[in-house]
Amino acid sequence: MNNQDLFLRDLSVLWHPCTQMKDHETYPIIPIKQGQGVWLDDYDGNRYLDAISSWWVNLFGHANPKINAALKDQLDSLEHVIFAGFTHAPAVELAETLVSVTPEGLGRVFYADNGSSAVEVALKMSFHYWLNEGRQRKTKFITLENSYHGETLGALAVGNVPLYKETYAPLLMDVITVSSPDCYYREAGESWADYSSRQFVHMENALKEHADSVCAVIVEPLVQCAGNMRMYDPVYLKLLRAACDKYQVHLIADEIAVGFGRTGTLFACEQADISPDFMCLSKGLTGGYLPLSAVLTTETIYRAFYDDYRKLTAFLHSHSYTGNALACRAGLTTLEIFRQHNVIEQNKKLTTFIAQSIERFTGHPHVSDVRQTGMIAAIELVKNKQTKEPYPWQERRGLKVYQYALSKGVLLRPLGNVVYFMPPYVINEEQIEFMVEVAWQGVQIATKN
Ligand SMILES: *Cc1c(COP(=O)(O)O)cnc(C)c1O
């Protein structure tokens, strides 16, 4: 077997996610034979450093010995069982652990099997809670400009990235969209905290005006990842928590991408010292091994569904693979690694090292912004540094960085013209230097003329 064989067979039967398949007349799909730590190996003997954690899911490397061993053990006892009327130790232990590590007040865990499904669950639960409380008029959701919450119709509706959303607009529920706290647009010399708090007025106004008809506000705490890794200050979340309480509206924290240490704390909400009413988790939850998601919520919300069956107040939502035993075991092992290896503390050194390594980009004539929150760093390429005028998207400058980096052995996958790093936590300093150097060379090539 070689790269070309598998690529051609793939092209004749497969349809890949988030891809214009015609692009692959020009660029090959890369078949991966095996992974080890931060490295991915193809069939022709090339290696790629996985600088984006395989779409933000991998935390402790490919073929992690500890997770591998736990999964082999789990496989010999139970792979999966129906999760209605039945349970198993990995599901219970993972839920107990999640409750103990997430912010105060989140005491109930509902499993689903991917991030978008978790968002659907949170939206339905919030709406249904208010219905059970006799608040039938609450049917709407507030979301932030430039947010992303997944691709299923409900999740897409509360998202706001036009590239993914516009085509399907006729199919989507109406939402209230509020200007983002994203600090890219702050004035020269203005602090992140000042800009993000100043932007809160839009949210305050929307809540004041629509509270009677709004179930929840949904946000990605601190980093709008799919929205070009745009970042904001924790103060916004503090203000949002207080306003949601004041106007009796739920707060849904979508920590699907930012959870599990990505922002420097185990969960991003910790930096604002707040507890949401719903927290959606997925991606890093299984260390990047298996699809699983969880929605954590409060006992108050749980109790509003708890009654005699004939009252028909139950949350009648399910997915076939809800609470999959293998996935739960991977999740449990992932959280064990966090604890045993003091990962959040260890990551601080890596975070500092990444910050130093990417500093060189600040002076680049086609870089308008170099930003970082914990283990997420992004470099924004623009046509005009002074005015922040973007490159026309048709020029696909980010794609040039992608291709150059692959040819040098680094998997980067820029979002439009934003080059970012979101590496597994097992990356070392030498690998960071290599990753950033390749990105630097790629940026030179992509921004030439
Ligand atoms: C990836 C992502 C989702 C969707 O998760 P999937 O597992 O891809 O469906 C939702 N919200 C955020 C913030 C994400 O980054």
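1. At a relative accessibility of 13%, Asp369 counts as buried, because a residue is called buried when its relative accessible area is under 20%. The structure discussed throughout this note is a predicted model. Asp369 belongs to strand S13, which covers residues 367–373. Its side chain makes a polar contact with the side chain of Arg371, at 2.7 Å.

2. Arg230 lies in strand S9, made up of residues 230–231. Is Arg230 buried or exposed? With 7% relative accessibility, Arg230 counts as buried. The side chain of Arg230 makes a polar contact with the side chain of Tyr185, and the distance is 3.2 Å.

3. The residues around the ligand are Trp56, Asn114, Gly115, Ser116, Tyr148, His149, Gly150, Glu220, Asp254, Ile256, Ala257 and Lys283. This shell divides into four nonpolar, five polar and three charged residues. The student may wish to locate these residues in the structure before reading the next point.

4. A polar side-chain atom of Lys283 lies 2.6 Å from an oxygen atom of the ligand. In the case of Gly115, a backbone N or O atom is 2.8 Å from a ligand oxygen atom. For Asn114, an N or O atom of the side chain is 3.5 Å from an oxygen atom of the ligand. Taken alone, the ligand exposes 380 Å², and the protein buries 83% of that area.

5. How many of the five residues of strand S12 (residues 293–297) are buried? Five of its five residues are buried, and the strand is described as mostly covered. Both faces of S12 are covered: Ser293, Val295 and Thr297 are buried on one side, and Ala294 and Leu296 are buried on the other.

6. The partners of S12 may be considered together. Strand S4 (residues 108–112) pairs with S12 in the antiparallel sense over five bridges. Within this pairing, Ala112 has Ser293 of S12 as its bridge partner. Strand S11 (residues 278–281) also runs antiparallel to S12, and four bridges join the two. Here the bridge partner of Met279 is Leu296 in S12.

7. Strand S5 shows the parallel arrangement. Four of the five residues of S5 (residues 140–144) are buried, so this strand is largely enclosed by the rest of the structure. S5 pairs with strand S7 (residues 214–219) in the parallel sense over four bridges, and the bridge partner of Phe141 in S7 is Ala216. S5 also pairs with strand S6 (residues 176–178) in the parallel sense, over three bridges. In that pairing, Leu144 stands opposite Val178 of S6.

8. Gln34 has Asp41 in S2 as its bridge partner.

9. Cys183 is in no disulfide, and the nearest cysteine sulfur, that of Cys225, is 15 Å away. Cys183 is buried, with a relative accessible area of 1%. The sulfur of Cys215 is 12 Å from the closest cysteine sulfur, in Cys244, and this is too far for a bond. Cys215 is likewise buried, its relative accessible area being 0%.

10. Val235 is found in helix H9, which covers residues 235–247. Val235 is partly exposed, because its relative accessible area is 23%. Val235 and Gln271 are 36 residues apart in sequence, and their C-alpha atoms are 8.8 Å apart in space.

How values were computed
Residues are numbered from 1 along each chain as its sequence is written. This is a predicted model: local features need pLDDT of at least 70, side-chain atom pairs count only at pLDDT 80 or more; totals for chains, interfaces and linings use all residues. Side-chain values use heavy atoms; hydrogens and water are left out. A residue is near a molecule or strand if one of its heavy atoms lies within 4 Å of it. A polar contact is a pair of N or O atoms within 3.5 Å; within protein, one must be able to donate a hydrogen and the other to accept it, and residues adjacent in sequence count only if both atoms are side-chain atoms. Accessible areas come from the Shrake-Rupley method with a 1.4 Å probe; for residues, only the protein chains shown count as cover. Ala, Val, Leu, Ile, Met, Phe, Trp, Tyr, Cys and Pro count as nonpolar, Asp, Glu, Lys and Arg as charged, and the others, Gly among them, as polar. A disulfide is a pair of cysteine sulfur atoms within 2.5 Å. Buried means under 20% relative accessible area, exposed over 50%, partly exposed in between (1.4 Å probe, protein chains only). Two strands pair if DSSP finds at least two bridges between them.
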